[in-house]
Amino acid sequence: MTFVRRFGLALSGGGYRAAAFHLGTLKKLHELELLSRIEVISTISGGSITGAAYCLHEGSFEEFHDGMTAALLHCNVISYALRSWSFVRSVLLVLAFLALSGFLLFTRWAPLALLPLAGLFYFVLRFQFRLLPVSQEIEKAYDTFFYQGRTLQQLPEKPVLAIGSSNLQTGRPFTFSRDSMADSTYTYAPHPVHFNGADFPIARAVTASSCVPFAFTPITIDPKYFRDPTDTIHAQPQLIDGGVYDNQGLQKLTQATSRYECNTIIVSDAGAGLGPLGSRPYPNTIALLLRTVDLFMNRIKNSQMMTHLFQRATDDSKCVAYLSLGWKLENSIPGFISNLAQGNIPPSVVAARQLRPEWVANPREHRIALTEYLEKQLDYPSLAARDLTTEEWQVVCGIGTNLTPLSSIQLALLNRHAENLTEVQVRLYWPLVL
C-alpha cells in the first residue's frame, strides 16, 4: 500500500533560544534538500518568531539565515518595551505614589502614609493591563525587527504556517494561518463564530503565540476581525502563550482530521528539559512557583509525547523525527534502540533500516551489533566530529528563554547543536524519505 506523505515541521517555544535553535534546524533541512518539501509549519512562541520570518522571507535561504542571525544578535525586544512611553508612564505613576507616601511620613499626616501605597496596590490589581499594555509594545518590537507591517494574507500558500496560541476563554488552542484564524470551540459552537484574519498583523499573531502569562498582556481580537462584529457577544478571545497548551506545536500536525495534519513530521523542541534541582532549597515563594511551573510544563510535554508520538508509532502511515535541545547527540542511537525495544518504531522504518529479525525481536540483547550497524548506516563518526563538547552542551542548556540578544557564541552553539541533532534524527527516523 502506498501512503501519501504530507511533510510537517513543528517549532517549539522558548524565546530567542528557540528562535536560534530552530534556525539551525531549518539550515540542516535546507542542506538535506528537505526544507522545500515541508508543507506545514506549526509554530509556538519563540518558534513563531523564526517560522513567520522564514515564511515571509524573500530571496535565498542564505539571505534569510544571515538576516535572522543579525536580528537575534542585536534586536532587543525587552529593551524596546522598556523604552516605551507606556513603561515610562507606569514607572512615573508608581514613583508618584511612593513619593506621596514618603512625603506624608514627614508631616503631621504621617498615619495616612499607607493610603497612597494602598491606592497603588489597588490601581495595579485593577488596571495593570491598561496602565502597562506590555504586549502592545512587544508587538511593535516584533513588527519593527522582523515583520514590517505584514499581515496574514501575505503569508505564502506553501508552506502553510500555523501560529499557535492558547485561548483563556475556551481553554483551547487558537491558531493563526493565511486562510484561517480559528478556535475549534467557536467553529463548532451552536452559534458558530468565524474570523476574518486577512488583514490581521503577523506581529500580533506572534505576540499572542509568545504572550507569557504574568509578564505579557493577553491579546484580544478587535471586532473588525470578526466576520460578524456582533459575534463579540459570543466570543471574546483572551490569547496567551501557545506553549501553555502545546509547547512543541505537535498536536496540530498529528491530530486526525485537522487541516494541518501531516504524515511525515519533524519536531524541533528547544526545551532544555526539567533538569535536577540538586540540594538547593526553595528560598522563597517565587522560586517554588517557578520550579512548580517547570514541573507542570514538563508533565504536559511528556503526556503529549505519549499521545501524539509514541501511541502512534505502530501507525505505519506516520513517520516522526523528534529532536530536543536538552538531548546529547551521543544518545541518539541508544535512544533509537530503546524505542525499538519498546515498540515505538513504525514497521516501515524498521523495514527501511533493513534490521535483522533477531535484532528487532530482542534489541537489548543485540545492542552492540545494532549500534555498530546504525553508526555505519548514518556515518556517525562524521557527525560525532561536529558534536558539542560537554562544556558547550552545558552552555546551550543554560541559555535563557527571554527576548534579549544572544551572544555570537551562544547563537553558534545553538545552531550547531540543532544541525547535528536534526541530521541524526532525520536519518534515523526518516529513512524512507532519504
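Entry 1. I begin with a term: a strand here is a DSSP run of E of at least two residues, numbered from the N terminus. I also note that the model is predicted.

Entry 2. I looked up the second largest pocket and recorded a volume of about 690 Å³. Its lining counts 28 residues, and those closest to the centre are S180, A182, S184, T187 and R259. I then asked which elements give two or more residues to this lining, and I found β4 (172-176), β5 (181-182), α8 (184-187) and α11. Strand β4 gives the most, with three residues. By class, I listed 12 polar, nine nonpolar and seven charged residues in the lining of this pocket.

Entry 3. I turned to cavities. The search of the whole structure returned one cavity of 30 Å³ or more. I recorded about 30 Å³ as the volume of the largest cavity. Its lining consists of I44, S165, P173, G242, Y245, D246, Q251 and K252. Helices α10 (243-246) and α11 (251-254) are the elements that each give two or more residues to that lining. I sorted the lining into three nonpolar, three polar and two charged residues.

Entry 4. I consulted the UniProt record, an unreviewed entry. The UniProt annotation "transmembrane region" covers residues 87-106. For residues 87-106 I noted 95% helix and 0% strand, and the end C-alpha atoms lie 29 Å apart.

Conventions. Residues numbered from 1 in each chain as written. Predicted model: local features only at pLDDT ≥ 70, side-chain atom pairs only at ≥ 80, totals over all residues. Heavy atoms only, no water. 1 Å grid on protein atoms, 1.4 Å probe; cavity = no way out; pocket = protein on both sides within 12 Å on 5 of 7 lines; lining within 4 Å. Points joined across faces, edges and corners; volume = space filled by probe spheres on them. Helix = DSSP H or I, 4+ residues; strand = E, 2+ residues; numbered from the N terminus. Nonpolar A, V, L, I, M, F, W, Y, C, P; charged D, E, K, R; others polar. UniProt positions renumbered as here; feature names shortened; annotations may be inferred.
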